[in-house]
Amino acid sequence: LVDRATRLVHSVGDDGDFRARSCLDIDPADRSVRVAGSDAARRLLVVSGDDGVLRVSDLGSGECGEVVVDVADPDSDLGAPQESQGRVFIPNYTTGKVVIVDLETREAKPTGELVAPGSEFELFERDGIVFYNDPDSERAGVVRVDGTFSQVQKYDPERPGAGVVPEAGRDQAPVPDLAAPGSGEGIDQGALGGPDQGGGPDDLDQPDQ
């Protein structure tokens, strides 16, 4: 439970009572602030687009902003952070990229351009995998912890109403492990029914047909 006016954050138990409490190291007038909790630890993740920083607070200690990392230029448009595998993923709508912060080393690394700059895209985590999606275009895919990404063709932008249909009579290969670090930004054409998007150093080999 985040109270911007008092700059306090409370964790809420199943019975509705407050548990741990932490302060929120923000300017109450900063409307660019986005807050998220951690599923892996009692951490609070706070990003400010006005400041271009990520602050990480420990809900157990109650300390404010124990970790502060520069993640973007000031006055950037940033989305709510997502945590996965010890990293924090922050959508940067201004650049069309995602900034990945290693919580252990405090290193921040941007991906390549995922969507057109200025697009407010979706970013969410499921089962240790981080997905991105631009609702207004054909761009979507998976972001890996090493900063590489795989694009998935949602539809043909020249024929958006037709969808993506696998080639007739073609066996579909198993979906590759898109979350595996270091496996590049390309995806296999047969695996997801779309062309190889490329853009990475270690594109996956084509499976036997």
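Which element gives the largest share of the lining of the second largest pocket? The answer is β8, with 3 residues.

This is a predicted model: local features need pLDDT of at least 70, side-chain atom pairs count only at pLDDT 80 or more, and totals for chains, interfaces and linings use all residues. Residues are numbered from 1 along each chain as its sequence is written, and side-chain values use heavy atoms, with hydrogens and water left out.

**Pocket and cavity**

Rolling a probe the size of a water molecule over the atoms shows where empty space is left. The search runs on a 1 Å grid over the protein atoms alone. A cavity is a set of points where a 1.4 Å probe fits but cannot get out. A pocket is an open set with protein on both sides within 12 Å along at least five of seven lines. Lining residues have an atom within 4 Å of a point. Points are joined across faces, edges and corners, and a volume is the space filled by probe spheres set on them.

The second largest pocket has 14 lining residues, and the closest to its centre are Gly37, Ser38, Asp39, Glu83 and Ser84. Two or more lining residues come from each of β4 (33–37), β5 (43–48) and β8 (82–84). Strands here are DSSP runs (E, at least two residues), numbered from the N terminus.

The structure holds 1 cavity of 30 Å³ or more. Of the 10 residues lining the largest cavity, Gln85, Gly128, Val130, Val143 and Arg144 lie nearest its centre.

| Space | Volume | Lining classes |
|---|---|---|
| Second largest pocket | about 180 Å³ | 4 nonpolar, 6 polar, 4 charged |
| Largest cavity | about 40 Å³ | 6 nonpolar, 3 polar, 1 charged |

Ala, Val, Leu, Ile, Met, Phe, Trp, Tyr, Cys and Pro count as nonpolar; Asp, Glu, Lys and Arg count as charged; the others, Gly among them, are polar.

**Sheet**

An open sheet of 4 strands runs β12-β13-β14-β15, with antiparallel pairing. β12 (122–126) and β15 (149–151) are the edges; each has a single partner strand, so one side of each lacks a neighbour in the sheet. The twist averages 25 degrees from one strand to the next. Strands pair if DSSP finds at least two bridges between them. β14 (residues 140–143) and β15 are joined by 3 bridges. Val142 stands opposite Ser150 in β15.

**Loop residue**

Ser76 sits in the loop between β7 (67–70) and β8.

Note on methods: Axes are lines fitted to C-alpha atoms, for helices over the stretch in contact, and angles run from 0 to 180 degrees between N-to-C directions.
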